[in-house]
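Keep the viewer open as you read.

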Amino acid sequence: MIDRLIERICWLIKLRWIAITGVVLTVLFAKQVLNAPLNNLSLYGVAAFLTIYNLIFTLHLKRLGKKRPARLILIANRIANVQISLDLLSLTILIHFSGGIENPFIFYFIFHMIIASILLSRRASFLQATFAVFLFMLMVWLEYTGFLKHYCLKGFVLNDLHTNKIYILGMSFVFISTLYLAAYMASSISVRLRQREKSLKEANLLLEEKDRIKSEYVLRVSHDIKEHLAAVQSCVEPVASGITGALNSGQKDLLVRAKDRTDKLLFFVKALLEITQIKLSKNIEMGYFSFKNTVDNAIQFVEAKAKAKGIAIALQMDPGIGLIYGAQIYIEETIANILANAVKYTSENGKIKIDIKDRRETLLIQISDTGMGIPRDEIPKLFNEFYRATNAKKTEREGTGLGLAIAKQVVERHNGKIWVESEEGKGSTFSVILPKRRWICLD
């Protein structure tokens with residue numbers, strides 16, 4: 001819930017930057033092209049006021065990550081209310097300096113009511129609607145009585161309408177009724193969507209609980225299997241190596257095969273344990289670490305196998321990428337896993353390219369190879385647990401089908417994204433987006 005609220009506040013901040021640009025461009029157009037008699041200095045002043053408090057909200061929002069969740073929700077709701085109130089005040093001042101009640105842009109108040117209904121509770125959205133009505137009627141009354149100077153839109157209206165009682169009453173009725181109707185309709189839809197979201201969230205929590213129970217069962221069983229396999233392995237290894245006595249060729253062959261199978265099964269069980277532990281752990285240990293060192297370690301992990309096949313690994317990283325926030329071990333394993341798959345499924349003398357781009361708040365990691373590629377209809381299933389592409393199974397019989405599922409779990413636990421683009425016979429490109437910091441305003 002809080003993430004969604006913060007995301008919507010960020011969206012409102014971005015909309016305000018667009019509005020500020022629109023105000024400046026509109027004033028320039030009205031002055032240069034239409035030669036309209038507007039109070040340009042005042043309008044630019046309002047744009048400056050919008051810019052200042054938008055910057056303040058942007059900086060304040062980035063500090064919210066340090067607050068406790070309960071405190072965070074309260075502060076975020078206050079920020080949303082204050083932002084909308086200031087926007088309504090700014091819009092009223094803009095309307096006043098550009099024609100008052102004669103300005104057709106008064107109906108931009110409706111947009112703010114829709115935004116308020118999306119961000120706030122029904123009660124808060126109706127309070128904002130009442131505040132908008134108060135500001136509008138105060139402006140109309142002050143211009144009508146002469147307490148405020150009226151800036152007539154000459155050339156757009158034939159007469160000064162700000163003193164026409166019939167026009168004022170008619171426009172006020174349409175404006176107020178439309179404003180409250182918009183607030184009612186938007187808040188009704190928003191309430192229904194929130195109720196629907198709540199029911200879906202409850203259903204999702206129930207599914208998560210069932211998945212947790214299943215994962216705990218898998219964890220216990222896998223742990224027991226691992227212990228037994230490790231015991232079998234510790235018994236087979238000394239016999240197979242001849243420590244307990246000489247073996248004939250038949251005995252040795254059988255023991256080596258048993259050891260090989262035990263090793264593979266133990267590797268599979270360890271992978272199953274790892275993905276289950278990631279699923280069950282609510283928090284994984286995170287901190288700031290050197291991303292470049294992490295990438296270098298991942299490359300070193302596959303370098304020997306790549307050289308043996310004559311595969312060239314090229315790294316292209318944007319300069320200035322320093323520390324990022326996350327679980328260093330898991331991220332290193334994820335990159336190494338994707339690289340290992342690239343080496344495994346790329347034929348001799350092939351190429352692997354690692355391209356890392358700095359996108360301010362996030363990193364884009366792309367690992368491309370010239371391997372066998374993935375059938376188009378199998379790409380959506382690739383990150384499922386135990387799934388392996390049909391052509392991969394034909395080329396390499398051994399595999400757990402868990403490596404990419406673990407990678408997906410790791411990336412999603414970091415609030416990132418992972419996907420693949422591939423063409424069978426021409427290679428694949430795995431892309432990963434990772435946040436660089438602990439708290440970001442979502443794009």
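Start at Asn-415, which sits just after α11 and takes a positive phi of about 60 degrees. Bear in mind that this is a predicted model.

In soluble globular proteins, nonpolar side chains tend to be buried together. Here the largest nonpolar core counts 49 residues, and Phe-109 and Leu-179 are the ones that touch the most other members. Six helices each put in at least two residues: α1 (2–32), α2 (40–62), α3 (69–96), α4 (109–119), α5 (122–145) and α6 (165–240). The top contributor is α3, with nine residues.

Zoom in on Leu-179. Setting aside neighbours within four places in sequence, Leu-179 is in contact with Phe-109, Ile-110 and Met-113, and also with Ala-129, Ala-132 and Val-133. There's a second, separate core too, made of 39 residues, with Ile-311, Ile-324, Ala-336 and Leu-339 among them.

Next, look at how the helices pack. Two packed helices are described by the angle between their axes and the distance between the axes. For α4 and α5, the angle is about 160 degrees and the axes lie 9 Å apart. Angles over 145 degrees count as roughly antiparallel, so that is how α4 runs relative to α5. Their crossing is right-handed. On the α4 side, the contact is made by Phe-109, Met-113, Ala-116 and Ser-117, while α5 brings Ser-125, Gln-128, Ala-129 and Ala-132. Sort that contact by class and you get five nonpolar residues, three polar ones and no charged ones.

The other pair to look at is helix α8 (residues 291–308) with helix α9 (residues 328–344), whose axes come within 9 Å and cross at roughly 35 degrees. This crossing is right-handed as well. From α8 come Phe-291, Thr-294, Val-295, Asn-297, Ala-298, Ile-299, Phe-301, Val-302, Lys-305 and Ala-306, and they meet Gln-328, Ile-331, Glu-332, Ile-335, Ala-336, Leu-339, Ala-340 and Val-343 of α9. By class, that makes 13 nonpolar, three polar and two charged residues.

Definitions and conventions: Residues numbered from 1 in each chain as written. Predicted model: local features only at pLDDT ≥ 70, side-chain atom pairs only at ≥ 80, totals over all residues. Heavy atoms only, no water. Core = buried A, V, L, I, M, F, W, Y, C linked by side-chain atoms within 4.5 Å. Buried < 20%, exposed > 50% of the residue type's maximum accessible area, 1.4 Å probe, protein only. Helix = DSSP H or I, 4+ residues; strand = E, 2+ residues; numbered from the N terminus. Contact = heavy atoms within 4.5 Å. Axes fitted to C-alpha atoms, helices over the stretch in contact; angles between N-to-C directions. Parallel < 35°, antiparallel > 145°, perpendicular 65-115°, else oblique. Left-handed = near helix turned anticlockwise from the far one by under 90°. Nonpolar A, V, L, I, M, F, W, Y, C, P; charged D, E, K, R; others polar.
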